[in-house]
Amino acid sequence: CDWSVADDEGIHECDVDPRVVDTKIIAVVKDSRDAKTTAEIEVSVNPNQSPLIEIVQPYQNWDYYRSHPVPLQMTVSDDWTIPEDISITVTSSVDGALAESCTVGSDGLVNGDLVLSTAEHSLIIEATDEIGASTLSTILVRVGGENTPPDCELTSGSGLLLDYTPSEITG
């Protein structure tokens, strides 16, 4: 802390942000004639751990269709930062940044949809806590062309009576 004059009650405060696991804080006090005295304390700091990411979806090495968004679902947690204050970025090796930031719920759950181009993507998910510690997690997904209904025809079965009502195939 910078040198400054104590208040009327003889108190001087300053903020200290020890980043080292074990450190010593030393206070030096001097009067107007430069007479000095010191006091010190030992401080043990629990180091900040990086956030944890558990990816639920998309599934590793799965095939998805370009005509459907790829689901994104994960949970994040951290030993110092509440879930809502953890920032999430998702980057594709093909499409670049997909989400500047995703919203994290109070339970640590992140849900969303990713629109990806037709290609094999390495998705890099980064979670960063409020102190700046971060974790990377990577998942590989393949996105193919449009999902189209299959072709179907009867090749035999003369005299067969069919009661067929056409319907749209989805999913």
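This is a predicted model: local features need pLDDT of at least 70, side-chain atom pairs count only at pLDDT 80 or more; totals for chains, interfaces and linings use all residues.
Trainee: How many helices and strands does the secondary structure of the protein come to?
Mentor: From the N terminus on, the elements run β-β-β-β-β-β-β-β-β-β. The count therefore follows from the DSSP runs. It comes to zero helices and 10 strands.

Trainee: What share of the contacts between residues at least 6 apart in sequence join residues at least 24 apart?
Mentor: The protein has 171 residues, of which 21% count as buried. Among the contacts between residues at least 6 apart in sequence, the share joining residues at least 24 apart is 54%.

Trainee: Which strands stand at the edges of the open sheet of three strands?
Mentor: The order in this sheet is β3-β5-β8, with antiparallel pairing. β3 (52-57) and β8 (109-114) each have a single partner strand, so one side of each has no neighbour in the sheet. Neighbouring strands here are turned by 25° against each other on average, direction ignored. The edge strands are β3 and β8.

Trainee: How many bridges join β1 to β2?
Mentor: Strand β1 takes in residues 22-30 and strand β2 residues 36-44, and the two run antiparallel. One of the facing pairs is Ile25 with Ile41 in β2. The number of bridges joining β1 to β2 is nine.

Trainee: Which residue in the hairpin of β1 and β2 takes a positive phi?
Mentor: Five residues lie between the two strands of this hairpin. Most residues other than glycine have a negative phi. The exception here is found in the loop between β1 and β2, is not a glycine, and has phi near 65°. It is Asp34.

Trainee: What is the relative accessibility of Asn61, which has a positive phi although it is not a glycine?
Mentor: Asn61 is found in the loop between β3 and β4, and its phi is about 60°. Partly exposed covers the range between the buried limit of 20% and the exposed limit of 50%. Asn61 counts as partly exposed because its relative accessibility is 37%.

Trainee: Is Thr81 buried or exposed?
Mentor: Thr81 lies in the loop between β5 and β6. Not counting residues up to four places away in sequence, Thr81 touches Ile86, Asp129 and Glu130. The C-alpha atoms of Thr81 and Pro51, 30 residues apart along the chain, are separated by 8.4 Å. Its relative accessibility is 3%, so Thr81 counts as buried.

Trainee: What separates the C-alpha atoms of Thr89 and Glu126?
Mentor: Thr89 lies in strand β6 (residues 87-92) and is partly exposed, with a relative accessible area of 27%. β6 is joined by six bridges to strand β9 (residues 119-128), running antiparallel. Thr89 and Glu126 are 37 residues apart along the chain, and their C-alpha atoms are separated by 5.3 Å.

Trainee: Which residue in β10 does Leu123 stand opposite?
Mentor: In β9, Leu123 is the bridge partner of Ser92. β9 also pairs with strand β10 (residues 134-144) in the antiparallel sense, over 10 bridges. In β10, Leu123 stands opposite Ile139.

Trainee: Which residue takes a positive phi in the hairpin of β9 and β10?
Mentor: Five residues lie between the strands of this hairpin. The phi in question is near 110°. The residue is Gly132.

Trainee: How many nonpolar residues does the lining of the largest pocket have?
Mentor: About 610 Å³ of space lies in the largest pocket. Its lining has 17 residues, and Cys1, His12, Ala27, Val28 and Val29 lie nearest the centre. By class, three lining residues are polar and three charged, while the nonpolar ones number 11.

Key
Residues are numbered from 1 along each chain as its sequence is written. Side-chain values use heavy atoms; hydrogens and water are left out. Two strands pair if DSSP finds at least two bridges between them. Helices (H or I, at least four residues) and strands (E, at least two) are DSSP runs, numbered from the N terminus. Axes are lines fitted to C-alpha atoms, for helices over the stretch in contact, and angles run from 0 to 180 degrees between N-to-C directions. On a 1 Å grid over the protein atoms alone, a cavity is a set of points where a 1.4 Å probe fits but cannot get out, and a pocket is an open set with protein on both sides within 12 Å along at least five of seven lines; lining residues have an atom within 4 Å of a point. Grid points are joined across faces, edges and corners, and a volume is the space filled by probe spheres set on the points. Ala, Val, Leu, Ile, Met, Phe, Trp, Tyr, Cys and Pro count as nonpolar, Asp, Glu, Lys and Arg as charged, and the others, Gly among them, as polar. Buried means under 20% relative accessible area, exposed over 50%, partly exposed in between (1.4 Å probe, protein chains only). Contact means heavy atoms within 4.5 Å.
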